[in-house]
Amino acid sequence: MIAQLLITGACTAVALTTATLGILAAREPRLAHVRWLIPIALMSALYSINNIAFLLPHPSVWVAQAGRANLALGLLQTAAWLPLSRLLTQSPRRQLERGLVLLLAVCAVLSLVPGVFETGELISRTTPFGSTMHLPAPTLFVGLPLALGFIALSWALIRLYQRRAELPERSIAPLVGLATFMASSILEALSLGARVALPYASELGSMAMLLGVGWGVMRGVGVEYSKMQADSERLEHDVDERTRQLLEVRTALTRADRLAALGQLAASVGHEINNPLTFVMANLREVTERLPSADDAGERAHLGELASEALDGTERIRRVVGDLRLLSRERDAVPFAGVDVHRVLGSALKLVEHVLKHRALVSELYGDLPHVKVDPQRLAQVFVNLLVNAAQAIPEDRPTRGTITVRTSVADDGRVVIEISDDGLGIAPHHIPRLFEPYFTTKPSGEGTGLGLFVSHGIVRSFDGELLVESHLGLGTTMRVILPVSPGEPAELTSSSPILTVARRRARILVVDDEPIVARALKRMLRNHDVTIALDGEHALTALRASAEFDVIVCDLMMPGLSGVDLMAKVCELWPELEQRFLFVTGGAVTPRSRELLDRPTVRSLQKPIDPEILSLTVDDIVAELDRTMAHSSMPPGRA
């Protein structure tokens, strides 16, 4: 009896462990078929516990009930093996298999009815171990459920054998376990027919079956976990790669839209530059030809008038290039600052003036606005896109020019509102929801890329703003930009440093520029100071080694060989006190290092072409700051 209890306890523990493993494994969708292992394991545990009744020394009515229960549990357990083997081997479902499972379930129910498969009498048999087993006497009908059970187990065993190579990691543990269970079931059937008396056969066979199937499931779980881990790593890599690709695409779209805008403005910029350039060249040529013979006051006055017109023309060219710089400069990470919307609008209107004036009259209705927290370059790109769209919405063959209205105001919530309205063709209602999609355009072929509104919408959203559209077909369109107000002080759009009114003194200045004509021009602009010219970075270092007592170093930013960035780095290494005396003059920062240098708040710079008065005042500002520093430290100006 003690041996029976120990074996039953071991078998029950294995069964419960296997059931728990099945519950945990079945949570993974790809291992959902393991759920059929749960009832098989639980029925094995109940079967083993029930077998204790057959070895009780004093048989009772419980023996007949235990026999009926064991027959039902065995039939249900063999029925469950059919779907489990099919799912383990991923075999197709057959109608005959479904019918067999149904017949086994019916027989399991009938086996619980007294007198169907057992007579109610008991038969005693002596086991090989000397103990006595009391078994219920079977009826003639018991052969039917037993035959169905063996057919089901044989079907599952043959299926596992034929598809053994497809089991997890080619494991044959489920196959061996099921074969052992089938052999023990045959012995159990013989016991039921009172042919033999082997008390531990069913428990040991059930334990072997559960261990084999459990081991196979564990192998399968390990394989699936490895696959899941590999899939997770691959998915994470794919997500990172897709994110990188999306960032590249977004950057490319922004750049493509900017290039498209520049392409549309090329004719306008060329027109605006070529007009003044024509009379500047003509006037300068006439001045050059007539200057040698200009000996009377009237002739000199005429030449002076020509030179004045040429200066006006160069100022017009400088303004166009300065406005164009708003679109040309790439800036990836810009700290947003307070910006005057009207100044950005003015620059954008100048850029598209040639496009607008042939199609529409522009009406500017500006209100009093606080500064907004944006990047002026990118905001200018938005305004240029919206203004060009408004112009293109007005047909060229219209008898009279249309009207484009630019209106600014402050909303009730304090945000700044910029409206650009046109009285053009308008937009169909079914097109409005798609306006901000990339590559969607309602313009004729050749007039639009489909990127302008998409990129503009992204730029405005990056400012925590909104871009709204209101349109009526045949009446016109209003694009509304809503921007948050800057909490700080307004930031200037120019790159020049603040100008202080100071008393002048004659200072020593080193001018470094690889263009001799530009260097000489800078020297003429600074005629009130002592100016030394160096035509490259190496000559500048030579001059500084000879005497570093220069009050100001006016340096070109982009030079061959030793650039302005490199020169400043070497000078600061040798003479750290000269760092605050640099004033860079540049036609544009085209390298990341040069842009990074100009973005420093302590670095002074002026954009070419340079206004002589601004240059003179900036130099005076540097000299005055140097004098204050030297006075505070009681040191004479010059080299420390």
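**Figure 1. Helix H4 carries valine 106.** Valine 106 sits in helix H4, which spans residues 95-111. The model shown here and in every other view is predicted. Valine 106 is partly exposed, at a relative accessible area of 41%. Together with Leu102 and Leu110, Val106 forms a nonpolar patch on the surface. The three residues have about 260 Å² of accessible area together.

**Figure 2. Arginine 98 in helix H4.** Arginine 98 also belongs to helix H4. Its relative accessibility is 44%, so arginine 98 counts as partly exposed. Leucine 82 is 16 residues away from arginine 98 along the chain. The C-alpha atoms of these two residues are separated by 8.8 Å.

Figure 3. The structure holds 14 salt bridges. One of them pairs glutamate 419 with arginine 480. Their closest N and O atoms are 2.8 Å apart. The pair links distant parts of the chain. Glutamate 419 lies in strand E7 (residues 416-422), and arginine 480 lies in strand E9 (residues 476-483). The two residues are 61 residues apart. Both glutamate 419 and arginine 480 are buried.

**Figure 4. Aspartate 627 paired with arginine 505.** These two residues form a salt bridge, with the closest N and O atoms 2.8 Å apart.

Figure 5. Aspartate 530 forms a salt bridge with arginine 506. The closest N and O atoms are 2.8 Å apart. This pair links distant parts of the chain, 24 residues apart. Aspartate 530 is in strand E11 (residues 530-534), while arginine 506 is in the loop between E9 and E10. Aspartate 530 is partly exposed, with a relative accessible area of 37%. Elsewhere, salt bridges that share partners join Arg407, Glu419, Glu470 and Arg480 into one network. Side chains of opposite charge can pair when their charged atoms come close.

**Figure 6. Aspartate 464 in a loop.** Aspartate 464 is found between helix H12 (452-462) and strand E8 (466-472), in the loop that joins them. Phi of aspartate 464 is near 65°. That is a positive value in a residue other than glycine. Aspartate 464 is exposed, because its relative accessible area of 62% is above the cut-off, which is over 50%.

**Figure 7. The second largest cavity.** The count comes to 4 cavities of 30 Å³ or more. The second largest cavity has a volume of about 50 Å³. Its lining consists of Met568, Glu579, Gln580, Phe582, Thr602, Val603 and Arg604. These lining residues divide into 3 nonpolar, 2 polar and 2 charged. Met568, Phe582 and Val603 count as nonpolar. Glu579 and Arg604 count as charged.

Note on methods
Residues numbered from 1 in each chain as written. Predicted model: local features only at pLDDT ≥ 70, side-chain atom pairs only at ≥ 80, totals over all residues. Heavy atoms only, no water. Patch = residues over 30% accessible without salt bridge, like charges linked within 9 Å, V, L, I, M, F, W, Y side chains within 5 Å. Areas by Shrake-Rupley, 256 points an atom, 1.4 Å probe, with all protein chains shown as cover. Salt bridge = Lys/Arg side-chain N within 4 Å of Asp/Glu carboxyl O. Helix = DSSP H or I, 4+ residues; strand = E, 2+ residues; numbered from the N terminus. Buried < 20%, exposed > 50% of the residue type's maximum accessible area, 1.4 Å probe, protein only. 1 Å grid on protein atoms, 1.4 Å probe; cavity = no way out; pocket = protein on both sides within 12 Å on 5 of 7 lines; lining within 4 Å. Points joined across faces, edges and corners; volume = space filled by probe spheres on them.
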